[in-house]
Amino acid sequence: MKFILLLSILDAAAAFTSPFRPTPIITTTKHPNHDHRLYSTYDTDYSETTLIDIDEEAPRDIPSMEAWSYEMGAQRTDGFTLTTDDGGYNVYAMTNVDLPTGSPILTIPEHMILSSNKAMAELRTSDMSEAEKIVKSVNAESEFRHYYLMLKLLVEYEKGMESPWYQWMNSLPRYYTNAASMTPFCCLCLPSLMRKLTVQERGYLQRLGVSSIKLVPYLNDDTKYDVDLCTWVYQIVYTRSFETADGDLKIVPLADMFNHGAYPEVESSYDEEGNYYAYTTYDVPAGSPLRMSYGDPTNPSFLFARYGFLDESTEATFCKIIPEHVNKDMEELGYAHNRMLFYKDGNVSEEVWDILLFQHVSSTKIGDKRALMEAHRSGEYATKQMLHEKYYENTSAMLLEHLESFLEQLEKLSSKAGERQTELGDHPRLPLILAHNEFVKQTFLAVRMQNFGY
């Protein structure tokens with residue numbers, strides 16, 4: 001049956017047509033913690049083992065994945081290449097030729113794409129009821145799409161080299177730096193919002209991990225109880241799948257090598273048959289990375305928590321003002337993580353000032369609170385401006401107090417992390433946490449300098 005499945009996928013690859021006429025690019029890459037080279041040919045001898053090595057130090061076999069994607073029908077433009085700046089830990093797409101706006105970059109046929117809809121159709125059998133009960137009991141029913149994609153990867157992992165996705169899975173990272181990979185001590189070194197996001201991400205992992213997977217009837221016990229393996233497939237699903245317009249979650253091999261960019265060079269789409277296409281969003285010069293958007297660029301804390309990288313290219317970050325209760329009036333004024341912004345140049349978004357004003361008049365001047373909301377709803381800018389000027393001394397004091405207290409908190413957190421830097425073997429994500437805290441600190445210092453002169 002497995003052989004028939006593989007043949008059907010290869011037949012689909014042969015039938016798939018595209019305007020591209022690429023040739024596979026076989027590169028040789030090194031893992032940062034390994035001196036030996038990765039496999040450099042597609043017909044590598046895997047006779048010693050059929051299961052993928054998921055150890056954090058295991059090398060990524062990029063060349064075999066590239067050749068596999070070509071044989072499976074993936075098409076790419078001339079100039080598309082995969083490269084690395086750190087010996088193979090972070091492998092990403094770039095172009096070595098100029099690409100005009102709207103240029104096709106990649107076409108990935110539907111049969112190569114992993115999706116939650118397909119995974120649920122294949123694996124959501126009647127004897128999955130006990131496993132699903134566990135997921136529901138921990139209020140994780142909303143994560144069923146991710147859960148079944150995880151199960152699909154575990155099923156393919158068990159097939160070893162017989163899986164049509166073996167070469168792709170063997171090219172994926174084993175080492176992650178996101179929230180789900182952090183130690184409890186790492187979480188203690190994070191500021192409030194980042195810590196909240198980290199707890200949320202780790203919660204997803206705990207709810208979808210071994211406790212529910214152990215009841216999946218079609219997985220063997222070695223797989224079900226392997227915490228490291230379940231964590232690895234969780235990381236793959238949560239860092240490489242993206243939601244499509246129809247609510248499906250899809251992982252697109254080869255396209256999953258696009259890094260994140262605040263100003264992405266790549267736009268993705270699907271046709272009616274489910275084939276994937278990537279095009280340039282503007283003129284991209286040779287030597288440039290090819291990046292897509294993973295989410296709101298003004299929320300680097302989320303990107304760090306989910307994906308494990310610090311996006312220092314973003315122009316702004318959430319101001320970290322987190323009231324105990326956010327009511328409808330505050331939401332109407334613009335309270336949202338992507339609108340309450342501090343900019344790296346020191347400017348403060350209008351929404352921050354509006355919320356500070358609302359908080360002040362709510363506790364002291366109910367009439368002015370009403371006037372603020374009426375002016376906001378009717379677009380009476382002059383009235384709002386008058387209220388801001390009337391209470392500027394109060395709102396600026398509130399802003400300064402927030403800046404000072406948060407900077408003090410960051411200093412304590414970074415000091416705590418710095419004390420344990422000699423223990424990187426136990427807490428290897430600490431340097432990135434320190435970099436995150438420093439990025440936030442510099443933004444807050446810029447706001448203080450711009451608004452208060454020091």
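Which residues are buried in H14? In this predicted model, the buried residues of H14 are Glu 351, Val 352, Trp 353, Asp 354, Ile 355, Leu 356, Leu 357, Phe 358, His 360 and Val 361. The helix itself runs over residues 350-364 and has 15 residues. From its first C-alpha to its last, H14 reaches 21 Å, close to the 21 Å expected at 1.5 Å a residue. The cover over its buried residues includes one strand, E13 (341-343), and the helices H13 (328-333), H15 (366-378), H16 (381-390), H17 (392-419) and H18 (430-452).

Strand E4 covers residues 104-108. Four of its five residues are buried, so E4 is largely enclosed by the rest of the structure.

| Strand paired with E4 | Sense | Bridges |
|---|---|---|
| E1 (residues 75-76) | antiparallel | two bridges |
| E10 (residues 276-280) | antiparallel | four bridges |

Gln 75 has Thr 107 in E4 as its bridge partner. On the E10 side, Tyr 279 stands opposite Pro 104.

The cysteines come next. The structure holds zero disulfides. Cys 187 is in no disulfide, and the nearest cysteine sulfur, that of Cys 186, is 6.8 Å away. A disulfide requires the two sulfur atoms to be within 2.5 Å. Cys 187 has a relative accessible area of 10% and is therefore buried, the cut-off being under 20%. Cys 319 is also buried, because its relative accessibility is 0%.

Conventions:
Residues numbered from 1 in each chain as written. Predicted model: local features only at pLDDT ≥ 70, side-chain atom pairs only at ≥ 80, totals over all residues. Heavy atoms only, no water. Expected span 1.5 Å × (residues − 1). Buried < 20%, exposed > 50% of the residue type's maximum accessible area, 1.4 Å probe, protein only. Contact = heavy atoms within 4.5 Å. Pairing = 2+ DSSP bridges.
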